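This briefing accompanies the sequence and structure shown below. The points are grouped by topic.

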Amino acid sequence: MRTQREGRRYSKCTVVAALVVAAVGSQAASGARSAGPPVCEPVALHLAVSDQGTSGSAFIGLVARARVRCTLAGSAQVTILQRGGRASIKGNPLTIAVRGVLAPGKSRLVAHGWWIGWCKSRKALSIVVRYRTLSVRAAPKYVPRCDSAATPSRLVPAR
Amino acid sequence: MSKSASGTGRLRSSARLVTVAIAAIAVACLAGPAGAQSPTPTLQMKDVAPGHSFPSGANAVVVEGLGSLNCLYSQSSIQTSTVSFINNVRKTVTEISPQSGCGSIGSYESLLNGIKNYVEANANNPGTYWAGFMLDEEPGFGFSASQLETLNNYTENIMVNTPGLSWYFQEDQPNGWVLSTYNTILGFSWPAPQVYTGSMNSAVNSECSTYGNCTNLVTFWAGAPAPYNSLSYTLSHVNGAPWSAASSYWGSGYWYNVFVAA
């Protein structure tokens with residue numbers, strides 16, 4: 001009788017303990033999910049520059065795509081080059097924050113800045129963007145308008 | 001002697017300068033800001049990127065779609081954002097900057113038609129809340145004047161049948177072409193010229209005095225070279241009247257547009 005009671009108590013304790021373990025395990029798993037996808041590894045990442053004009057200024061976007069779901073964080077550096085050297089632009093190079101979760105195979109804008117005003121030669125210009133160990137270089141599709149030769153060209157982060 | 005004569009000459013010269021200065025001040029004070037937009041616009045529309053929230057301090061929102069097509073932003077993000085604002089009872093405009101680096105004139109026609117169809121099908125009461133498109137057309141964007149005229153004619157044809165207010169603005173670079181070309185490109189649009197420099201300001205005022213196109217939604221930019229980084233300076237140097245929607249749609253106020261490097 002006593003043994004049976006002890007046995008029932010033992011089995012109740014076992015069930016409770018199992019439930020506690022399961023709950024803790026579930027919470028831990030849930031916690032792991034809320035931490036989000038892993039950081040994107042450069043080897044699995046593709047970067048591209050998307051530049052275009054609006055209102056006389058150049059929008060310079062960094063578009064990323066990854067093979068697996070992953071998180072981008074940190075910062076990228078945008079540099080405008082002319083004939084291989086850094087172009088004379090205030091704020092060049094520009095460091096911009098990079099953030100976003102990438103879905104597998106889908107391109108996404110992850111950072112952008114603006115190049116405003118350019119009154120010098122429009123030849124031999126290129127845009128270089130660096131993120132971690134990756135680097136991408138492109139000829140600008142649009143070079144900003146010259147509204148005022150007295151105002152310095154500038155590279156600024158998005159507001 | 002020469003010193004005295006020279007002194008007398010300087011005195012006369014100074015007196016003339018003072019007289020001229022007083023006369024100039026008197027003319028300026030009496031005449032007031034003859035070139036100012038009248039009445040002074042007090043309502044502003046402001047840019048946001050697709051997916052972002054309504055801009056603080058604005059009375060209407062301009063969804064800044066950039067070049068779209070092979071550039072940014074996607075048609076779906078532009079039209080979804082436009083409809084979202086309209087369905088939240090926000091006064092809304094959809095901006096596109098057509099440029100040859102992002103697509104052809106034909107593809108821009110398809111883009112505009114697609115966005116128009118989506119908005120008309122999915123927005124609540126678009127005729128009241130959607131003022132239509134804002135096209136930013138500039139010679140530096142790679143299309144010729146005649147190509148832009150083709151696009152604008154197309155836009156007029158698709159928008160003329162939409163109900164209510166919906167039509168289109170042109171947020172153009174007014175000094176980018178000779179005046180007669182600028183006038184032709186404007187077509188029947190609502191002009192929303194960028195007024196960032198004295199040259200742009202002059203072109204807008206010449207369009208008014210030469211062709212009588214004197215109602216402008218002035219596009220202001222706080223990042224423009226001084227003194228056009230001042231809203232009051234800019235509005236006080238543009239002739240004519242500010243844009244105003246028919247009172248049954250956007251009320252009876254007068255508007256200006258703010259470009260934001262968002």
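In this predicted model, helix H2 of chain B is followed by Val89(B), a residue whose phi is positive, near 60 degrees. Most residues other than glycine have a negative phi, and most peptide bonds are trans.

**Helix H2 of chain B**

- Helix H2(B) covers residues 75–87, and its 13 residues should span 18 Å at 1.5 Å a residue.
- The C-alpha atoms at the ends of H2(B) are 18 Å apart, which agrees with that expectation.
- Which residues of H2(B) are buried? They are Ile78(B), Gln79(B), Ser81(B), Thr82(B), Val83(B), Phe85(B) and Ile86(B).
- The buried residues of H2(B) pack against strands S2 (60–64), S3 (92–96) and S4 (130–135) of chain B, and also against helices H3 and H4 (126–129) of that chain.

**Other residues with positive phi**

- Asn125(B), a residue other than glycine, has a positive phi near 55 degrees.
- Asn125(B) sits in the loop between H3 and H4 of chain B.
- Asn125(B) has 12 C-beta neighbours inside 10 Å and therefore counts as exposed.
- In chain A, Arg83(A) is not a glycine, yet its phi is positive, at about 50 degrees.
- The loop that holds Arg83(A) runs between strand S4 (75–82) and strand S5 (85–86) of chain A.
- Arg83(A) has 10 other C-beta atoms within 10 Å, so this residue is exposed.

**Cis peptide bonds in chain B**

- The peptide bond from Ser38(B) to Pro39(B) is cis, and its omega is near -5 degrees.
- Pro39(B) belongs to the loop between helix H1 (2–31) and strand S1 of chain B.
- Ala226(B) and Pro227(B) are also joined by a cis peptide bond, with omega about 5 degrees.
- Pro227(B) belongs to the loop between strand S8 (219–220) and helix H8 (231–235) of chain B.

- Helix H3 (residues 105–122) and helix H5 (residues 145–159) of chain B pack at an angle of about 20 degrees, and their axes are 10 Å apart. That angle makes H3(B) roughly parallel to H5(B).
- The crossing in which H3(B) passes H5(B) is right-handed.
- On the H3(B) side, the residues in contact are Ile105(B), Tyr108(B), Glu109(B), Leu112(B), Asn113(B) and Lys116(B). On the H5(B) side, they are Gln147(B), Thr150(B), Leu151(B), Tyr154(B), Thr155(B), Ile158(B) and Met159(B). By class, this contact of H3(B) with H5(B) has seven nonpolar, four polar and two charged residues.
- The axes of H5(B) and helix H6 (residues 179–186) of chain B come within 8 Å and cross at roughly 20 degrees. H5(B) is therefore roughly parallel to H6(B).
- Ala145(B), Leu148(B), Glu149(B) and Asn152(B) of H5(B) make this contact with Thr181(B), Thr184(B) and Ile185(B) of H6(B). The residues of the contact of H5(B) with H6(B) divide into three nonpolar, three polar and one charged.

**Asp47(B), a residue of strand S1**

- Asp47(B) lies in strand S1 (residues 43–48) of chain B.
- Is Asp47(B) buried or exposed? Asp47(B) counts as buried, because 25 C-beta neighbours lie inside 10 Å.
- Not counting residues up to four places away in sequence, Asp47(B) touches Val62(B), Glu64(B), Phe259(B), Val260(B) and Ala262(B).
- Asp47(B) and Ala58(B) are eleven residues apart along the chain, and their C-alpha atoms are separated by 9.2 Å.

- Chain B contains nine helices and ten strands.
- Of the 262 residues of chain B, 42% count as buried.
- Among contacts in chain B with a separation of 6 or more, 72% are between residues 24 or more positions apart.
- How many residues of chain B are in contact with chain A? There are 25 such residues, and they meet 22 residues of chain A. On the side of chain B that touches chain A, twelve residues are nonpolar, nine are polar and four are charged.

How values were computed:
Residues are numbered from 1 along each chain as its sequence is written. Chains are lettered from A and ligands numbered from 1 in the order in which they are written. This is a predicted model: local features need pLDDT of at least 70, side-chain atom pairs count only at pLDDT 80 or more; totals for chains, interfaces and linings use all residues. Axes are lines fitted to C-alpha atoms, for helices over the stretch in contact, and angles run from 0 to 180 degrees between N-to-C directions. Helices (H or I, at least four residues) and strands (E, at least two) are DSSP runs, numbered from the N terminus. Angles under 35 degrees count as roughly parallel, over 145 as roughly antiparallel, 65 to 115 as roughly perpendicular and the rest as oblique. A crossing is left-handed if the near helix is turned anticlockwise from the far one by less than a right angle, and right-handed if clockwise. Two residues are in contact if their C-beta atoms, placed from the backbone, lie within 7 Å. Ala, Val, Leu, Ile, Met, Phe, Trp, Tyr, Cys and Pro count as nonpolar, Asp, Glu, Lys and Arg as charged, and the others, Gly among them, as polar. The expected span of a helix is 1.5 Å times one less than its number of residues. A residue is buried if 20 or more other C-beta atoms lie within 10 Å of its own, exposed if 12 or fewer, and partly exposed in between; C-beta atoms are placed from the backbone.
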